[in-house]
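Please open the model in your viewer and keep the selection tool at hand, as this tour moves from one selection to the next.

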Amino acid sequence: MRYKIRTRQDRNCGAWDLYSYNNEAAPPPEEADQEGEEQKPNTPRRQRLALQSLKQLGQMPAPPVTGTDLHTMVIIGQIEGHMVLPPKNKTTKYEHIIPQLVAIEQNERIKGLLVILNTVGGDVEAGLAIAEMLESLSKPTVSLVLGGGHSIGVPIAVAADYSFIAETATMTIHPIRLTGMVIGVPQTYEYLEKMQDRVIKFVTSHSAISEEKFRELMFRTGDLVRDVGSVLVGKDAVNVGLINEIGGIDKSLRKLRELVQLKEAGMQMR
């Protein structure tokens, strides 16, 4: 049963406002059954939280308690370091990724992590920090290169326990560059050489490619226009030993589930 009642007179126009009420007062929408809403995957409140997380962090939040035990992390655009990039650039911020990796490691419900890459590269130290975090996770990890995994995206791709690349995806390997003002002293070039060695050692120790082959691809001339380096497309990255296998989302999830089951079986045998 619904009825109308009159409220206080409007001070500005002198009219009477009419409001509709139910004969039983309902709780405010934000406070109504919040515990029940948290368990439902497609409630308006959960959609608002997901949209807020997407705007702030650039990716969807962790799945609900009743969801899957495999988490997906997306690394897109340019990997942002200590310098903030222009707002028109699509970026992956390491101050967002690193805390999420720590939370994934501490979350007992998450059994495995799938990392999807479509990045042009970016800051060397930020990319290596993300790669070191992925490599040090105790949970099984699988990486999938879609579109491109260029420059410092290469160490991130090989940091996972198993790596996939789409047939049409590409990976660009080139020497490290410095941007901005460069002091022309021998120490600058020594520092650049050390940074480059860090990348080479990490990639060669986490993949099947040899250091000689990786350096040859890095300093190859004629493959890139107005630049030094190489572009590996799909099968090329697999043939040189950089990536484990060609595949997409289906193969990646199946492999991750397989790694999770192998780890759980090994823990049960101990």
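Begin by selecting Glu 211 and Arg 215, whose side chains meet in a salt bridge at 3.2 Å, N to O; a salt bridge here is a side-chain nitrogen of Lys or Arg within 4 Å of a carboxyl oxygen of Asp or Glu. This is a predicted model, in which local features need pLDDT of at least 70 and side-chain atom pairs count only at pLDDT 80 or more, while totals for chains, interfaces and linings use all residues. Residues are numbered from 1 along each chain as its sequence is written, and side-chain values use heavy atoms, with hydrogens and water left out.

Glu 211 and Arg 215 both lie in helix H7, 4 residues apart, about one turn of the helix; helices (H or I, at least four residues) and strands (E, at least two) are DSSP runs, numbered from the N terminus. Glu 211 counts as partly exposed because its relative accessibility is 33%, where buried means under 20% relative accessible area, exposed over 50%, and partly exposed in between (1.4 Å probe, protein chains only). Arg 215 is also partly exposed, with a relative accessible area of 25%.

Next, select Asp 250 and Arg 254, which form a salt bridge with their closest N and O atoms 3.0 Å apart. They are separated by about one helical turn because they stand 4 residues apart in helix H9 (residues 249-269).

Keep S7 selected and show strand S6 (residues 141-149), which runs parallel to S7 and is joined to it by 4 bridges; two strands pair if DSSP finds at least two bridges between them. Ser 143 has Ser 163 in S7 as its bridge partner.

Finally, show strand S10 (residues 245-246), which runs parallel to S7 and is joined to it by 2 bridges, and find Glu 245 in S10, the bridge partner of Phe 164.
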